[in-house]
Amino acid sequence: MTAGEEEAAPKGIDVATPHIARIYDYWLGGKDNFASDRAAAEQVMQATPTIKPGVTANRAFLSRAVRSMVGEGVTQFLDIGTGIPTANNTHMVAQAADPESRVVYADNDPIVLAHARALLSGVTAPTSFVDADLRDTGRILEEAARLLDFERPVGLLLIAVLHCIPDDDDPQGVIGTLLNALAPGSFLAITHPGIDQLPERMSAAEDALTKAMGFRVTFRTREGVGAFFSGLELLEPGVVPVQDWRPDADAEPSATTGMWGGVARKK
Ligand SMILES: C[S@@+](CC[C@H](N)C(=O)[O-])C[C@H]1O[C@@H](n2cnc3c(N)ncnc32)[C@H](O)[C@@H]1O
């Protein structure tokens, strides 16, 4: 770590040990990462070269999904598993499309929250943070209700976070509880690493991420991701590789990225 980096580090945060959120930030071309994170990120990239295009395509999906939802009249978002703020964060995309948009972020990682608070302290638009685990649905809903009106539709974003919830912790039940609190006309957007896309590479990525995160992550099949949308009306084109979900007209031809993505409406 350089002297400059030491100065830039958020107070009380250990930047000598690589951290998954900052590794992710590095893959996205962000500036909130340190030498230890970059070294770890490069190691994963060597094992799994698709990881960088994968996370970039995942962020681009987030923007398109949010814009689509605003296009359907949704101006409230609950983004759980926020990550370190980077370019095109949910509130930026939503508020660019409709300045009235309200966004509540939730993450369970103190490092993410320290970075997020520092980076978004000057944001005046209606945006807030909840320090909570996705599985703590009661707390997330209670805190989110301070800013969001649950009588009106909400866009629920679970972008690249459900792989952190093992089957034993009932991710389907967690999603069901959150959706039950939302008004008809709400949307659910999910992206998820797919174990059935580039199986060998994704299996290597699953192992490398498990090591970096310090707990086992679960990559799922397209069918497994599709099951998270049960009971909802899946928007076209369904659950597809993220880069193929309503690509922008000027999008480059897509390479396989390893991420599934989809958006559905609550009836
Ligand atoms: C891969 S990042 C994705 C960030 C962002 N959603 C995106 O796609 O760019 C996963 C994020 O989920 C958060 N996370 C992981 N497990 C979580 C949990 N159980 N509850 C809340 N957040 C969690 C991590 O701290 C991290 O910020």
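I take a pocket to be an open set of points on a 1 Å grid over the protein atoms alone, with protein on both sides within 12 Å along at least five of seven lines. Grid points are joined across faces, edges and corners, and a volume is the space filled by probe spheres set on the points.

**Ground rules**

I am working on a predicted model, in which local features need pLDDT of at least 70, side-chain atom pairs count only at pLDDT 80 or more, and totals for chains, interfaces and linings use all residues. Residues are numbered from 1 along each chain as its sequence is written, and side-chain values use heavy atoms, with hydrogens and water left out.

**Entry: the largest pocket**

I looked up the volume of the largest pocket and found about 880 Å³. Which residues lie nearest its centre? They are I20, A160, H163, C164 and M213, out of 47 lining residues. A lining residue has an atom within 4 Å of a point.

I then sorted the lining by element, using DSSP runs numbered from the N terminus (helices are H or I, at least four residues; strands are E, at least two). Two or more residues come from each of α2, α4, β1 (76-80), β2 (102-107) and α9 (199-213). Helix α4 gives the largest share, six residues.

By class, I noted 28 nonpolar, 13 polar and six charged residues in this lining. Here Ala, Val, Leu, Ile, Met, Phe, Trp, Tyr, Cys and Pro count as nonpolar, Asp, Glu, Lys and Arg as charged, and the others, Gly among them, as polar.

**Entry: α2 against α4**

Two packed helices are described by the angle between their axes and the distance between the axes. I checked both for α2 (residues 20-27) and α4 (residues 51-71): the axes come within 9 Å and cross at roughly 90 degrees. The axes are lines fitted to C-alpha atoms, for helices over the stretch in contact, and angles run from 0 to 180 degrees between N-to-C directions. I therefore logged α2 and α4 as roughly perpendicular (65 to 115 degrees; under 35 is roughly parallel, over 145 roughly antiparallel, the rest oblique).

Which residues make the contact? From α2 I listed Y24, Y26 and W27, and from α4 I listed I51, K52, V55, T56, N58 and R59. Contact means heavy atoms within 4.5 Å. These residues divide into five nonpolar, two polar and two charged.

R59 turned up again when I looked at N89, which touches R59 and Y105, residues up to four places away in sequence not counted. N89 sits in the loop between β1 and α5 (90-97). Is N89 buried or exposed? At 5% relative accessibility, N89 is buried (under 20% relative accessible area; exposed is over 50%, partly exposed in between, with a 1.4 Å probe and protein chains only).

Most residues other than glycine have a negative phi, and most peptide bonds are trans. I searched for departures.

A160 has a positive phi, near 55 degrees. A160 is in the loop between β4 (155-159) and α8 (171-180), and this residue also came up near the centre of the largest pocket. D170 has a positive phi too, about 55 degrees, although not a glycine. D170 lies in the loop between β4 and α8 and is partly exposed at 41%.

Where is the cis peptide bond that I noted? It joins E236 and P237, with omega about 5 degrees. P237 lies in the loop between β6 (233-234) and β7 (240-241).

**Entry: buried residues and their partners**

I190 is in strand β5 (residues 187-193) and is buried, with a relative accessible area of 0%. I190 touches residues including F61, L158, I175, F228 and W260. L156 is 34 residues from I190 in sequence, and their C-alpha atoms are 8.6 Å apart.

A106 is in strand β2 and is buried at 1%. I found A106 in contact with D79, I80, G81, T82, V130 and I140, leaving aside neighbours within four places in sequence. The C-alpha atoms of A106 and F129 are separated by 5.6 Å.

L147 is in the loop between α7 (137-144) and β4. At 18% relative accessibility, L147 counts as buried. Among its contacts I listed Q76, V103, P126 and S128.

Conventions: On a 1 Å grid over the protein atoms alone, a cavity is a set of points where a 1.4 Å probe fits but cannot get out, and a pocket is an open set with protein on both sides within 12 Å along at least five of seven lines; lining residues have an atom within 4 Å of a point.
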